[in-house]
Amino acid sequence: MEHQLPPLNALRAFEAAARHLSVKNAADELCVTPGAVSQLVKTLELHLGVQLFRRVNRGIFLTDAGQAYLPPVRNAFRQISDATQKVAVPADTGLLTVSATPFFAAAWLVPHLKSFQKAHPGIDLQVRASNTLADFSRDGVDVAIRHGMGQYPGLASQRVLTVEMVAVAAPALVAEHGKPKKPVDLLQWPRVNDAERKGWRLWFEAQGVADTGPARGPSFDDAGLLVGAVQAGQGVGLLPAALVANEVAEGRLVRLFRAAWLEDFAYYLVYPQASHDRPKVAAFRAWIGEAMRRDQTAARKSPASPPSHFQSAKTPTRLQLVQRQPR
């Protein structure tokens with residue numbers, strides 16, 4: 001006879017408590033009291049006939065049985081979540097949730113949403129602005145747009161947009177060190193880094209400077225925080241030109257050298273590999289690629305328009321140095 005399944009709420013309480021190793025944190029996540037979590041876990045232990053946690057002082061630890069039970073329970077919840085997302089809304093209509101960095105969402109995605117809605121009236125976009133890579137199995141996110149090197153284990157990534165990167169510093173830091181004459185001079189300056197600590201190496205390579213050594217200084221996964229650190233004089237920052245254009249124009253930041261297109265350091269469309277052929281994901285992937293190509297074509301046909309800080313992924317992939325003067 002098939003073994004009776006334990007109560008779903010008891011399994012949820014066990015999974016949350018095991019993940020946090022805290023009854024209180026599990027209770028906060030599930031919006032119940034710590035006592036309710038403890039009671040649900042006891043119910044599950046009675047159902048299984050084994051102890052899942054060891055309670056030491058005010059902490060809890062998984063027993064051998066608990067450690068063995070957790071992975072299949074967690075995988076089961078993920079499978080339920082994935083299956084629910086696929087069947088809850090028709091695959092080619094309904095809601096498509098897009099997680100994008102705040103800068104990309106404001107500077108590119110929102111101004112282009114009208115064209116997506118016109119091309120796909122049956123799909124409603126929900127845009128979430130975040131710098132943290134989505135947990136696709138738990139957050140309800142269908143696709144994400146992230147700035148980095150495009151290396152996301154277990155996920156598909158497609159480069160969609162390269163941005164013009166500029167080296168900027170606070171006026172006080174420039175006054176302290178003097179205006180650098182050559183890019184290599186910045187090796188002697190304090191620098192702040194992106195989260196992956198690879199941007200400066202790529203920038204120096206684009207300027208013909210090799211052997212830069214390990215990346216030193218603080219790093220930030222949020223461009224706004226990085227701008228704040230640069231403005232506070234903590235070091236030179238390498239940032240998208242469009243993001244700091246106002247600060248440079250108003251004198252709050254100083255642009256030190258010409259910009260560079262760092263081809264690998266770009267915006268990537270990221271999604272689970274299993275979602276590649278989902279109609280909604282495929283529709284968004286095709287639309288964003290076409291929208292980027294239209295932007296690039298329009299920029300080439302309009303010589304009177306201001307130079308763009310963005311470069312489509314469909315333009316030549318060799319590293320280019322931009323010959324424009326700081327504004």
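1. A quick word on terms before anything else: a residue is called partly exposed when its relative accessible area falls between the buried limit, under 20%, and the exposed one, over 50%. L21 comes out at 40% relative accessibility, so it counts as partly exposed. Keep in mind that this is a predicted model.

2. Where does L21 sit? It belongs to the loop between α1 (8-20) and α2 (23-30). Its backbone deserves a look too: phi of L21 is near 50°, a positive value in a residue other than glycine.

3. C31 is another non-glycine residue with a positive phi, here about 60°. You'll find C31 in the loop between α2 and α3 (34-48). With a relative accessible area of 70%, C31 is exposed, because the cut-off for that class is over 50%.

4. Now for the largest pocket, which holds about 530 Å³ of space. Its lining takes in 30 residues, and N131, H147, F220, D221 and D222 are the ones closest to the centre. Two or more lining residues come from each of these elements: helices α5 (102-119), α7 (199-206) and α8 (223-231), plus strands β5 (143-148), β7 (193-194), β9 (237-240) and β11 (260-272).

5. What about the make-up of that lining? The residues split into 17 nonpolar, eight polar and five charged.

Technical notes
Residues numbered from 1 in each chain as written. Predicted model: local features only at pLDDT ≥ 70, side-chain atom pairs only at ≥ 80, totals over all residues. Heavy atoms only, no water. Helix = DSSP H or I, 4+ residues; strand = E, 2+ residues; numbered from the N terminus. Buried < 20%, exposed > 50% of the residue type's maximum accessible area, 1.4 Å probe, protein only. 1 Å grid on protein atoms, 1.4 Å probe; cavity = no way out; pocket = protein on both sides within 12 Å on 5 of 7 lines; lining within 4 Å. Points joined across faces, edges and corners; volume = space filled by probe spheres on them. Nonpolar A, V, L, I, M, F, W, Y, C, P; charged D, E, K, R; others polar.
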